[in-house]
Amino acid sequence: MTQRTYVIGVGMTKFEKPGSREWDYPDMARESGTLALEDAGVGYEQVEQAHVGFVYGDSTAGQRAVYELGHTGIPITNVNNNCSTGSTALYLAAQAVRFGQADCALALGFEKMLAGSLAAGFADREQPLMKHMVALGELYPMAMPPAPYMFGAAGLEHQEKYGTTDEQFARIAEKNHRHSANNPYAQFQDVHTLEEILASRPIYGPLTKLQCSPTSEGSAAAVIASERFVDEHGLGDRAVEILGQAMVTDTPATFTDPTAANLVGYDMTATAARKVYEQADLGPDDFSVIELHDCFSTNELLTYEALGLCAPGEGGKLIDSGETTYGGRWVVNPAGGLISKGHPLGATGLAQCAELTWQLRGTADARQVDRAAAPGGAALQHNIGLGGAAVVTAYRKA
């Protein structure tokens with residue numbers, strides 16, 4: 001048997017440039033976790049499970065982080081799923097509640113990162129992305145570091161197939177930088193013109209520096225509860241229901257007939273989205289606000305198509321139309337996206353959850369999407385990690 005599942009509290013720190021703030025990961029977790037519990041109006045002693053995500057950290061760092069909130073002997077799991085780590089922690093907490101293992105669970109993510117491009121942690125063993133890199137290297141000349149190469153190659157492929165322009169990719173970054181100006185939690189709050197974005201340092205393919213997410217530090221958390229817990233504690237006015245949720249790992253399409261798009265998760269995203277739409281009995285047009293994984297501008301455009309916001313090949317026209325910003329059909333990445341809000345890997349998916357919870361409650365301040373807080377308003381979340389895992393979640397205010 002399953003039970004209806006709700007987000008009842010969220011919290012996050014400001015995302016910061018690595019080394020710019022005197023803090024360690026327990027400080028981050030204490031801040032975001034305390035805010036989420038206070039937002040829910042519950043004490044840590046009411047939490048029955050905790051799922052804690054991070055990528056760069058030692059084993060049981062999740063326990064050390066959550067011990068800042070208390071010591072109650074509950075199960076605590078450590079989650080590492082690359083850039084979808086935060087959403088994976090959310091997925092596990094929601095599953096625990098949905099299937100009756102807990103009435104109240106905590107999902108928390110944090111990251112303390114080093115400046116510069118992401119680097120491998122171990123040099124004496126197979127790298128998790130080697131299979132993907134080898135397949136992509138047969139399509140486009142290999143370059144380092146891996147992430148901008150992989151997503152830049154996917155952008156080149158889209159240009160070759162559909163005629164997408166450098167300007168169309170850059171417009172996505174212009175939109176997200178503009179959105180982040182209204183987000184006090186964002187690492188960057190600078191507005192950049194299209195010309196500035198195109199003129200910034202070339203990275204790979206159509207990507208320039210201002211179209212790439214930075215390394216970041218920070219934390220975010222969410223408290224998940226059952227319908228019974230919500231009713232018993234009178235939390236219906238702040239509860240946001242998880243209508244559908246799916247996690248998908250690499251499909252046969254990733255390697256049997258590889259494309260650059262599938263090697264960076266297009267098929268995973270499309271498969272997860274179809275499952276969520278079926279669970280929620282909703283389609284792309286039913287959502288007014290979307291937080292999606294724009295680690296690079298090229299991936300936001302690919303994700304438009306994978307989520308069904310437009311047909312394959314039409315992502316460039318969609319960004320040109322203005323339908324993905326305020327006044328359009330959807331507001332995509334109102335918090336600034338990973339490009340401008342920042343991307344502390346373990347926290348990203350939970351920061352997306354926090355933003356959508358605020359949007360559906362109508363408490364997102366200058367970022368508020370009015371239709372999201374209207375009766376029946378729904379929100380969609382997408383978070384992806386290469387290697388690979390895509391998590392898609394649909395929400396609606398209770």
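Which residue in strand 4 does Gln 49 stand opposite? I looked this up first, and Gln 49 stands opposite Ala 105.

**Entry 1: ground rules**

I am working with a predicted model, where local features need pLDDT of at least 70, side-chain atom pairs count only at pLDDT 80 or more, and totals for chains, interfaces and linings use all residues. Residues are numbered from 1 along each chain as its sequence is written, and side-chain values use heavy atoms, with hydrogens and water left out. My helices (H or I, at least four residues) and strands (E, at least two) are DSSP runs numbered from the N terminus.

I traced an open sheet of 10 strands with mixed pairing, in the order 3-2-4-7-1-8-12-11-9-10. Strands pair here if DSSP finds at least two bridges between them. At the edges I found strand 3 (76–79) and strand 10 (331–332), each pairing on one side only.

Next I went back to the strands of my opening question. Strand 2 (residues 49–53) and strand 4 (residues 104–111) run parallel and are joined by 5 bridges. Strand 4 also runs antiparallel to strand 7, with 8 bridges between them; there Leu 108 stands opposite Ala 221 of strand 7. Strand 7 is joined to strand 1 as well, by 7 bridges, and these two run antiparallel. Met 12 has Ala 220 in strand 7 as its bridge partner.

How many residues of strand 7 are buried? I found 9 of its 9 residues buried, where buried means under 20% relative accessible area, exposed over 50%, and partly exposed in between (1.4 Å probe, protein chains only). A handy reminder for me: side chains in a regular strand alternate between the two faces of the sheet. In strand 7, Gly 218, Ala 220, Ala 222, Ile 224 and Ser 226 point one way. Ser 219, Ala 221, Val 223 and Ala 225 point the other way, and the residues of both sets are all buried.

**Entry 2: helices on the sheet**

Helix 1 (residues 25–40) lies across strand 1 (5–12), strand 4 and strand 7 (218–226), and runs at about 130 degrees to strand 1. The axes are lines fitted to C-alpha atoms, for helices over the stretch in contact, and angles run from 0 to 180 degrees between N-to-C directions. Helix 11 (residues 266–280) also packs on the sheet and touches strand 8 (240–248), strand 11 (378–385) and strand 12 (389–397). Its direction makes about 145 degrees with that of strand 8. Contact, in my notes, means heavy atoms within 4.5 Å.

**Entry 3: two helices crossing**

At what angle do the axes of helix 3 and helix 15 cross? The axes of helix 3 (residues 85–98) and helix 15 (residues 345–361) come within 5 Å and cross at roughly 60 degrees. That makes helix 3 oblique to helix 15; angles under 35 degrees count as roughly parallel, over 145 as roughly antiparallel, 65 to 115 as roughly perpendicular and the rest as oblique. From helix 3 the contact uses Thr 85, Gly 86, Ser 87 and Leu 90, and from helix 15 Leu 345, Gly 346, Gly 349, Leu 350, Gln 352 and Cys 353.

**Entry 4: two buried residues**

Lys 175 sits in helix 6 (residues 166–180). Is Lys 175 buried or exposed? I found Lys 175 buried, with a relative accessible area of 1%. Leaving aside neighbours within four places in sequence, its contacts include Glu 300, Tyr 304 and Asn 333.

Thr 254 belongs to helix 9 (residues 252–256) and counts as buried at 1% relative accessibility. The side chain of Thr 254 makes a polar contact with the side chain of Asp 250 (3.2 Å). A polar contact is a pair of N or O atoms within 3.5 Å; within protein, one must be able to donate a hydrogen and the other to accept it, and residues adjacent in sequence count only if both atoms are side-chain atoms.

Asn 82 has a positive phi of about 55 degrees and lies in the loop between strand 3 and helix 3. Asn 333 has a positive phi near 60 degrees and is buried, with a relative accessible area of 0%. I also found a cis peptide bond joining Met 144 and Pro 145, with omega about 0 degrees.
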